[in-house]
Each structure stands twice: as C-alpha cells, then as structure tokens.
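Please open the model in your viewer and keep the selection panel at hand. The tour below moves from one selection to the next and says what is found at each stop.

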Amino acid sequence: EPLLVEFVSRAPWHVEAPQAWFVLVDAALARGDSSGSASREQSRAQSAEWHAFYRARRVQVRANPSETLPRLGLAQLWLSANELERARAAVESALAIDTRFCRGLELAAEIERRAGCVEDARSRADAALACDSKLVEVHLTLARLARDAGDATTSNVHVARYRELGGKKEL
C-alpha cells in the first residue's frame, strides 16, 4: 500500500493512476477504514474522470488533426492539473493551427498568468479581447493580473465586466 500511495502522489496523471486508487480504496475497506476509503474513492473518481476526458480529447485530436477545440480541451485538462508546461504546449498547438483562435488566446493568457509570465499574459489577453470582446474568462485573468500588480481600479473594472458577461468565479 505505501508504494501505491507514493505512486499516485508522484504520478497522478499516469494512465495507471485510477487503477492504483481502486486498489487503495479496496485496501482501506479491507482494514475497515471507512473515512479513508471514502476520500480515496473520491480521488479515484476524479482521476478516472480526468483520464476519461484526456483519452477522449486525444482521440479527437487524432481523428481531426486540424481542429483546434480538442487541443483546447487538452490544454484545459492540463491546466486543471496545474501542469502548466503541458497546458502551454497544448494551447500553442491549437494556436499553430489558427493564430486567431480567440478561446485559445484567452486560455493562453491564463496559462501565462499562472506561470508568472505577466507580460506574456497581458499580451495574450489583449489579443484575445481584440479577437472577441465578449470572452468571459479573459476579464477574470486581466482582473487577477491587475490585482497582483496592485491596481485595484483596473481590477474592479475587469471584475465588473466579467460579472456583466456572466462570470461566477471569485477573484
């Protein structure tokens, strides 16, 4: 069991991670550890769901190599896993297909912001807004960039626009 715990902590996105979680759930149940099995079951379900989406997006990329949306989906998955370099590679592959892919530019801005590349984030966000001024998430990215720079006024303007466009996440 300790080896499996080590495995899922070091390689949570490995293709075998959901199966490792399954074994860990069974081990906790065998010990009578109901709270441990419940938390491990939640981790197993999240891992299985992430991998199912990942496999689907990979199949879509192979089936439609010139489509940008499956690559955007891969970038979103990697971003949700906080794998910024992989997210960046996936979104850049979409932007290589279509340099004016508005949603790709929007996600690229958020990836760059999370990576700490402020100027690149701002540049991508500006390009996304020039492409489509009604993109919701880019306003949240710009609000966070302004907040981090200590510019409350600009941050509030972007938060207001984000809410106006239907955004629900917290700053």
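Helices here are DSSP runs of H or I with at least four residues, numbered from the N terminus, and the model to which they belong is a predicted one.

Begin by selecting Val8, which lies in helix H1, residues 2-10. Val8 counts as buried because its relative accessibility is 7%, the cut-off for buried being under 20%. If neighbours within four places in sequence are left aside, the contacts of Val8 are Ala17, Ala20, Trp21 and Leu24.

Next select helix H5, residues 84-97, whose 14 residues reach 20 Å from first C-alpha to last, close to the 20 Å expected at 1.5 Å a residue. Colour Leu84, Ala87, Arg88, Ala90, Val91, Ala94 and Leu95, which are the buried residues of H5. They cover an arc of only 165° around the axis, and therefore sit on the same side of H5. On the face turned away from that buried side, look for the exposed residues Glu85 and Ala96.

Then show helix H4 (69-80), helix H6 (102-115) and helix H7 (118-131), against which the buried residues of H5 pack. Keeping H5 and H6 in view, note that their axes come within 10 Å and cross at roughly 155°, which means that H5 is roughly antiparallel to H6. The crossing in which H5 passes H6 is left-handed. To inspect this contact, display side chains in both helices: residues of H5 including Leu84, Val91 and Leu95 meet residues of H6, among them Leu105, Ala108 and Ile111.

Key: Residues numbered from 1 in each chain as written. Predicted model: local features only at pLDDT ≥ 70, side-chain atom pairs only at ≥ 80, totals over all residues. Heavy atoms only, no water. Helix = DSSP H or I, 4+ residues; strand = E, 2+ residues; numbered from the N terminus. Expected span 1.5 Å × (residues − 1). Buried < 20%, exposed > 50% of the residue type's maximum accessible area, 1.4 Å probe, protein only. Arc of directions from axis to C-beta. Contact = heavy atoms within 4.5 Å. Axes fitted to C-alpha atoms, helices over the stretch in contact; angles between N-to-C directions. Parallel < 35°, antiparallel > 145°, perpendicular 65-115°, else oblique. Left-handed = near helix turned anticlockwise from the far one by under 90°.
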